[in-house]
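Here are a few notes to read alongside the model. Have a look at it first, then go through the points below.

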Amino acid sequence: MTTRLIRLAIAGAFAIMVAGVVTWYLNAGPGSATGSDGPVPQPSFANVGGPFTLTDHTGAEVTDADYRGGYVLLYFGYTFCPDVCPTELWKIVQALGQMPEEVAAQVTPVLVTIDPQRDTPEALAQYVALFDPRMVGLTGTAEQIAAVADEYNVYYARVDDAEDPSRYTMDHSVYTYLVGPDGTVRNVFTNGQTAEQIAEAVTAEVEGGGSV
Ligand code: NI
């Protein structure tokens, strides 16, 4: 029963999305930020995504074109995040485990850091290894990160620790984008969605042949 209801909910969500009513996401599952003092600006998901050039956790330069042909679950966060990012990344790993094997094999989980100052390729390598051997960490210059975050309408801001100026956290919106084989965004997940819901939505998209 629960599964059927979730399927119906996902089908409904897709229908609404296709109709272009992106406000559904903002009402049903607004992304939150860690340590936010006020409301986080809510992005529009219309026309998000675009080309990027970044550095992966092995130190290699990568572009969006390197991920064409497969699906990507693209999450924006940072390794020093105390709670939300580890929770969301673990959820992505769980979702991959709940997809049929042939579907999961087509999906690459990717963390794009919004804290490039601390998230070097080395730091990302250690971090993503904690979650899944397939997980990719991407970093870059402050300008490269600002550019990709802007393309995906990701909000982030440094929050200095009042007691210890050497420490800081990052306020950031919490979104996971499902990017299709052609580089277009097919779906957006927030921290309001479960691993099971993500697994079902991704599976439907992948098995549907990416007709959105
Ligand atoms: Ni976080």
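1. Which protein atoms are the donors of the nickel ion? They are C81 (SG), C85 (SG) and H172 (NE2), lying 2.1 to 2.2 Å from the nickel ion. Donors here are N, O and S atoms within 2.8 Å of the metal (3.2 Å for Na, K and Ca), and water is not among the atoms, so sites may look incomplete.

2. Before going on, bear in mind that this is a predicted model, where local features need pLDDT of at least 70 and side-chain atom pairs count only at pLDDT 80 or more, while totals for chains, interfaces and linings use all residues. Residues are numbered from 1 along each chain as its sequence is written, and side-chain values use heavy atoms, with hydrogens and water left out.

3. Along the chain, the nickel donors are spaced as C-x3-C-x86-H. C81 sits in the loop between β3 (71–77) and α3 (84–98), and H172 is in strand β7 (residues 168–172), so the pair, 91 residues apart, links distant parts of the chain (helices, H or I, of at least four residues and strands, E, of at least two are DSSP runs, numbered from the N terminus).

4. Are these two buried or exposed? C81 counts as buried at 5% relative accessibility, and H172 is buried too, at 0%. Buried means under 20% relative accessible area, exposed over 50%, and partly exposed in between (1.4 Å probe, protein chains only).
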